[in-house]
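The sequence and the structure are shown first, and the description follows.

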Amino acid sequence: MNGKKLYISDVTLRDGMHAIRHQYSLENVRQIAKALDDARVDSIEVAHGDGLQGSSFNYGFGAHSDLEWIEAAADVVKHAKIATLLLPGIGTIHDLKNAWQAGARVVRVATHCTEADVSAQHIQYARELGMDTVGFLMMSHMTTPENLAKQAKLMEGYGATCIYVVDSGGAMNMSDIRDRFRALKAELKPETQTGMHAHHNLSLGVANSIAAVEEGCDRIDASLAGMGAGAGNAPLGYAGVYSSFLRHCETAAARYGLSAVDILVELGKRRMVGGQEDMIVDVALDLRNNK
């Protein structure tokens, strides 16, 4: 730790959406955003848990639209920048422009850790808008540090000025984190920042974030009371599945008389990734039929 000022990005109003099935009221958003702003966090991420346009049958319908939530937060902040999340294929450039007009000034463009190439046009357009543009490599445990660094280099080439190691499955330990940050630092330009998004599935979210900072990480994600997908709900990091699968697995387990744990572990064995929520029911049916 070298005493540098860390950039703190709060994700309560985005990742925290998963924990309450995306049902924050506009008043909830205003109260939380104001309190975070008073606490002087650097950015506050606001969107459906699955990013812009995530409100859907597949991912769960939100109580409000992304733009309503963003506008509510933007209305009350004086210090923090409003951030949002975009997953190419769910959100579009059009949605990004609308988010900018609603008050978002930071965007994290999120892809699976081996699919950075799908982010090119979204990152480029965000830079054209003048947004603080971040590449967000999800499920970073599913590829090697060297391959992750190559994907990070692609995002940097598209225009991202910060690249995140994202432990979406809460499946990594401190050594895993160190190896990935060292690989990124060796590959990226010195001026390109790095960030860490940890999940607490193995109770290592804080420890992993500290390890990232020790390796020179510039931005750390945090949330109030650990609000976020998976974290604190089920310590299932060893399954290595996308943390937002938890709620869907609980629903499928109740419907088909199964254990949510069994579904999660089977999804991990099949190496399912974010965006494959439709496979949860297929796996549940397979498990029921094989009973």
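A crossing of two helices is called right-handed if the near helix is turned clockwise from the far one by less than a right angle, and left-handed if it is turned anticlockwise. By this convention the crossing of H7 and H8 is right-handed, and H4 likewise passes H5 in a right-handed crossing. The model examined here is a predicted one.

**Packing geometry**

Two packed helices are described by the angle between their axes and the distance between the axes. The table gives these values for the two pairs.

| Helix pair | Residues | Angle | Axis distance |
|---|---|---|---|
| H7 and H8 | 174-187 and 205-214 | about 30° | 9 Å |
| H4 and H5 | 93-102 and 120-129 | roughly 30° | within 10 Å |

Angles under 35 degrees count as roughly parallel. The angle of about 30° therefore makes H7 roughly parallel to H8. For the other pair, with a crossing at roughly 30°, H4 is therefore roughly parallel to H5.

**Contact residues**

In the second pair, the H4 side of the contact consists of Ile93, Leu96, Lys97 and Trp100, while H5 supplies Gln121, His122, Tyr125, Ala126 and Leu129. The contact of H4 with H5 has six nonpolar, two polar and one charged residues.

Which residues of H4 are buried? They are Asp95, Leu96, Ala99 and Ala102. Viewed down the axis of H4, these buried residues fall within an arc of 120°, so they line one face of the helix. Their cover includes helix H3 (66-76), strand E3 (81-86), strand E4 (106-112) and H5. On the face of H4 turned away from the buried side lie the exposed residues His94 and Gln101. Just after H4, Gly103 adopts a positive phi of about 125°.

**Buried face of H11**

Helix H11 spans residues 279-289, and its buried residues are Ile280, Val283 and Ala284. Because these residues cover an arc of only 100° around the axis, they lie on the same side of H11. Helix H9 (245-256) and helix H10 (260-269) are among the elements that cover the buried residues of H11.

Technical notes
Residues numbered from 1 in each chain as written. Predicted model: local features only at pLDDT ≥ 70, side-chain atom pairs only at ≥ 80, totals over all residues. Heavy atoms only, no water. Axes fitted to C-alpha atoms, helices over the stretch in contact; angles between N-to-C directions. Helix = DSSP H or I, 4+ residues; strand = E, 2+ residues; numbered from the N terminus. Parallel < 35°, antiparallel > 145°, perpendicular 65-115°, else oblique. Buried < 20%, exposed > 50% of the residue type's maximum accessible area, 1.4 Å probe, protein only. Arc of directions from axis to C-beta. Contact = heavy atoms within 4.5 Å. Nonpolar A, V, L, I, M, F, W, Y, C, P; charged D, E, K, R; others polar.
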